[in-house]
Amino acid sequence: MNLNKQFWENRYKEERTGWDIGTISTPLKAFIDQLEITQLKILIPGAGYGHEALYLRSKGFKNVTVIDLAEQPLQHLKKSGYPPTHLKQGNFFDLDKKDYDLILEQTFFCALNPKLRSKYVLKMYDLLNDRGKLVGLFFNVEFEKDGPPFGGSKIEYELLFKDFFDLRVLETAYNSISPRANKELFFIFEKRKQN
């Protein structure tokens, strides 16, 4: 991710938000629909316009925190009635709350410069409770032009996460939106207790 706040503010201002599909992503909706414990502490980093966060609230999840580097998407969420106390503007890597049960990944990882991926893994591990889960989507494709977005492969993700997470699911998403069909991996990674 370009961690320059102005870069992302400009993307919103210029309406260059190609990652935003205008609604919750289908694989994450299917995952959320089977969750039963609405008291889960959930984090959505780089949430943009927060379609997943709004959907979670509509399903009774009240403890969902959103963080984004840019102010504009957070203002959008406020106007949508999202509680300001659950909105954070800032750098994800500066977060210090460490008791999330679930972190949802939706186009945040692919916005990061690949040099930051190891740091991402460690930060996710740090933010989750014991046996907390990181769930979401990764691109299973290499892009022709330099990102963001940045692509990757299943093998790369396995190597990146295997020392810190139990990789419960990492498979081609069967229910991606058509432009991303066969290009996304749905995953469920559970924080591994370190000896």
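These legends describe close-up views of a predicted protein model. Local features need pLDDT of at least 70 and side-chain atom pairs count only at pLDDT 80 or more, while totals for chains, interfaces and linings use all residues. Numbering starts from 1 along each chain as its sequence is written, and side-chain values use heavy atoms, with hydrogens and water left out.

**View 1. The protein chain holds six helices and seven strands.** Helices (H or I, at least four residues) and strands (E, at least two) are DSSP runs, numbered from the N terminus. From that end, the order of elements is α-α-β-α-β-α-β-β-α-β-α-β-β. The chain has 195 residues, and 49% of them count as buried. Buried means under 20% relative accessible area, exposed over 50%, and partly exposed in between (1.4 Å probe, protein chains only). Among contacts with a separation of 6 or more, 66% join residues 24 or more positions apart. Contact means heavy atoms within 4.5 Å.

**View 2. Helix 5 packs on helix 6.** Two packed helices are described by the angle between their axes and the distance between the axes. Helix 5 spans residues 117-127 and helix 6 spans residues 154-161. Their angle is about 50°, and their axes lie 10 Å apart. That makes helix 5 oblique to helix 6. Angles under 35 degrees count as roughly parallel, over 145 as roughly antiparallel, 65 to 115 as roughly perpendicular and the rest as oblique. Axes are lines fitted to C-alpha atoms, for helices over the stretch in contact, and angles run from 0 to 180 degrees between N-to-C directions. Helix 5 contributes R117, S118, Y120 and V121 to the contact, and helix 6 contributes E156, Y157, L160 and F161.

**View 3. Helix 5 has buried residues.** They are R117, Y120, V121, K123, M124, Y125 and L127. Their cover includes strand 1, strand 4, strand 5, helix 6, strand 6 and strand 7.

**View 4. Helix 3 (residues 51-58) also has buried residues.** These are H51, E52, A53, Y55 and L56. Their cover includes helix 2 (26-33), strand 1 (42-45), strand 2 (64-68) and strand 4 (100-105). G60 follows helix 3 and has a positive phi, near 95°.

**View 5. R131 and N182 have positive phi values.** Most residues other than glycine have a negative phi. Phi of R131 is near 65°. R131 sits in strand 5 (residues 128-139) and counts as partly exposed because its relative accessibility is 42%. Phi of N182 is also near 65°. N182 belongs to the loop between strand 6 (165-172) and strand 7 (184-191). At 62% relative accessibility, N182 counts as exposed.

**View 6. G90 touches I67, D68 and L69.** That list leaves out residues up to four places away in sequence. G90 lies in the loop between strand 3 (87-89) and strand 4. G90 and D68 are 22 residues apart in sequence, yet their C-alpha atoms are 5.9 Å apart. With a relative accessible area of 21%, G90 is partly exposed.
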